[in-house]
Amino acid sequence: PTLLRAMDLAEPRRELPRLRLCYVGGEPLTADLADLWGRELWLENGYGPTECTVTVVRGRVRPGRPVTIGWPVPPHRALVLDERLLPVPDGTREPPAGEVGELCIAGPGLARGYHGQPELTAARFPELPGIGRVYRTGDLVVRAADGELTCLGRIDAQVKVRGYRIELEAIEAVLATQPGVREVACCVQG
């Protein structure tokens, strides 16, 4: 999405006539970009955290419709779980979606964990009965009746800047160690 915005094209189809498909990911796709690029060509939104090594959820973006991250890419599974890691209800009709929960991914693309960090690995890659190992993404989602997922944001204060994960709490912790600093608060400004 950052690249699409930087290109500053008013009519992508006219200005890039040979381009038919655009696959985006790495950061949230905004509605204005989705409307512009989705109107002009096939726009596919991919979702795949580094810990899943590949795109595990994806879907076509259509202009005038809410931007979603799509459906799980087989054989991966996308679970929407509550804080006890139990499934939340899906939506019963369109467009109302189900309850908000954390997106957890199961499937062969999961990393083994975090090197040298067994506690973090145990917290982020729990074993669930009847499912097996999952990755807790930290992203809040809702699932519609047809299984389509909409990402609503983060559980924590992690942000993405040009596709890079930034842990605001980690920055705050370092700044707070500096002499003369009493309080610290970080945020992203556009």
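## Close-up views of a predicted model

**View 1. The largest nonpolar core.** V57, I69, L103, I105 and L149 touch the most other members among the 16 residues of the largest nonpolar core, a set of buried Ala, Val, Leu, Ile, Met, Phe, Trp, Tyr and Cys residues joined through side-chain atoms within 4.5 Å. Buried here is under 20% relative accessible area, exposed is over 50%, and partly exposed lies in between (1.4 Å probe, protein chains only). At least two residues of this core come from each of β5 (77–81), β6 (101–106) and β9 (135–143); strands are DSSP runs of E, at least two residues long, numbered from the N terminus.

This is a predicted model, where local features need pLDDT of at least 70 and side-chain atom pairs count only at pLDDT 80 or more, while totals for chains, interfaces and linings use all residues. Residues are numbered from 1 along each chain as its sequence is written, and side-chain values use heavy atoms, leaving out hydrogens and water.

**View 2. Around H76.** Look for H76 in the loop between β4 (71–72) and β5. H76 is buried, with a relative accessible area of 10%. Beyond residues up to four places away in sequence, H76 touches V54, V56, I105, A106, G107, P108 and G109 (contact: heavy atoms within 4.5 Å). A polar atom of the H76 side chain lies 3.1 Å from the backbone nitrogen of G109.

**View 3. β9 and its partners.** Because 7 of its 9 residues are buried, β9 is largely enclosed by the rest of the structure. β6 and β9 run antiparallel, joined by 4 bridges (pairing takes at least two DSSP bridges), and I105 has Y135 as its bridge partner in β9.

Key
A polar contact is a pair of N or O atoms within 3.5 Å; within protein, one must be able to donate a hydrogen and the other to accept it, and residues adjacent in sequence count only if both atoms are side-chain atoms.
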